[in-house]
Amino acid sequence: MSQRQLFLQHVAQTSDFPLMIEIEKAEGVYMYGQEGQRYLDLISGIGVSNVGHRHPRVLQAIHDQLDKYMHLMVYGEFVQAPQAQLAHALHTTLPKQLNNTYFLNSGTEAVEGALKLAKRYTGRTELISCYNAYHGSTQGALSMNGSESFKNAFRPLLPDVRHIRYNAIEDLEQITKRTAAVLIETVQGEAGVRVPENNYLQRLQERCSQTGTLLILDEIQCGFGRTGTFWGFEQFGIVPDILVCAKGMGGGMPIGAFIAPQEIMAAFKTDPILGHCTTFGGHPVSCAASLATLQVIQEEKLTADVQQKAALFRQLLVHPRIKEIRNCGLLMAAEFESFEVLKAVIDRAILNGVLTDWFLFCDNSMRIAPPLVISEAQIREACEVILRSIDEAVGA
Ligand SMILES: Cc1ncc(COP(=O)(O)O)c(C=O)c1O
């Protein structure tokens, strides 16, 4: 049987129309198919390959760690240098109170841990998130997602969850002294890149302070340089109580984390002890890769020209079929009139060697989130292919 047949028969499918692209190798911003096709990756494995595929320093860090040890013991028992060094390096990127990191394997797991911590620390039960938010696929994170159609089939979910409208100052009144936490994306990703407006996040933080509610920022898509600053929230004049990250954090390896002041995190130590457990969370090889990723972003100054690169995309992606472009750094969405039009363009662009995608809760907008290492010439190449693909697929 071919790999494709094995994939279809034995790898669990979550839709009837997987892309079915078979990649032989990936390097930098390119992925290479079986028959020598080259794809320019404009989505970074959905926000993961911020430093590009197989960055040499990330590979080196992985090799070095493999030569020492892999898994030793469940999370939090042994002193493992890759964890300790990564936790310290994360702290150096953050306001000083965010000094304690709990490592997990993925974004949704990190969200689960953050929600539990907020409930445990505040002694409250109500949790608030936004309509059109995406926070993950496990049942706690799913409860917080803001799309009924994705949730309904899996009820009952978490009780005492309420949703407010992103960017709606009026809705902030719904946060009260009953609310343990508000979980929110700094920039909404799967909603199709919705950027906070009118000091929304500052007003949200004020309301949380008034009510003693913890503000949990989900920077799983925004973090590690994607928006042009190391963390997205740096651009909006706020500091979260708990910060959640994953995806781009691992440089291509699986890792997630939530970060909080030590005093808040200490709530997991008693009543019950081991308030949150994981076997593989903070895997030494993933932590080593993540530390190298963080250092690459800092030392190669990958955030320095993110805004310039985003501006070049905006300048070049002009076409009557493109209705609007929204972005925060290199987290970008190009809106078309409908899913049908967009899908035809995406399919054509793949044939022409450029990989894009749509968004879970915004299926008329093209996802553009390339590795931050993309060059000006590669941006020009990508935009030329997208414009040509629009003309070929749907015309002007
Ligand atoms: C904002 C946000 N939060 C959480 C998640 C869940 O992360 P993971 O897929 O690693 O569980 C995602 C994944 O797309 C995300 O974009």
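**Terms and their criteria**

Reply: In helix α3 (residues 56-66), the buried residues are Val58, Ala61, Ile62 and Gln65. Buried denotes under 20% relative accessible area, exposed over 50%, and partly exposed the range in between (1.4 Å probe, protein chains only). The model is a predicted one: local features need pLDDT of at least 70, side-chain atom pairs count only at pLDDT 80 or more, and totals for chains, interfaces and linings use all residues. Residues are numbered from 1 along each chain as its sequence is written, and side-chain values use heavy atoms, with hydrogens and water left out.

Me: Why is Leu72 called partly exposed?

Reply: Leu72 has 39% relative accessibility, and therefore counts as partly exposed. Leu72 is situated in the loop between α3 and α4.

Me: What makes β1 and β13 edge strands?

Reply: The open sheet has 4 strands in the order β1-β2-β3-β13, with mixed pairing. Each of β1 (23-27) and β13 (354-355) has a single partner strand, so one side of each lacks a neighbour in the sheet. Two strands pair if DSSP finds at least two bridges between them.

Me: What makes β2 and β3 a pair?

Reply: Strand β2 (residues 30-33) and strand β3 (residues 38-41) share 3 bridges in the antiparallel sense, against the required at least two. Tyr39 in β3 is the bridge partner of Met31.

Methods
Helix = DSSP H or I, 4+ residues; strand = E, 2+ residues; numbered from the N terminus.
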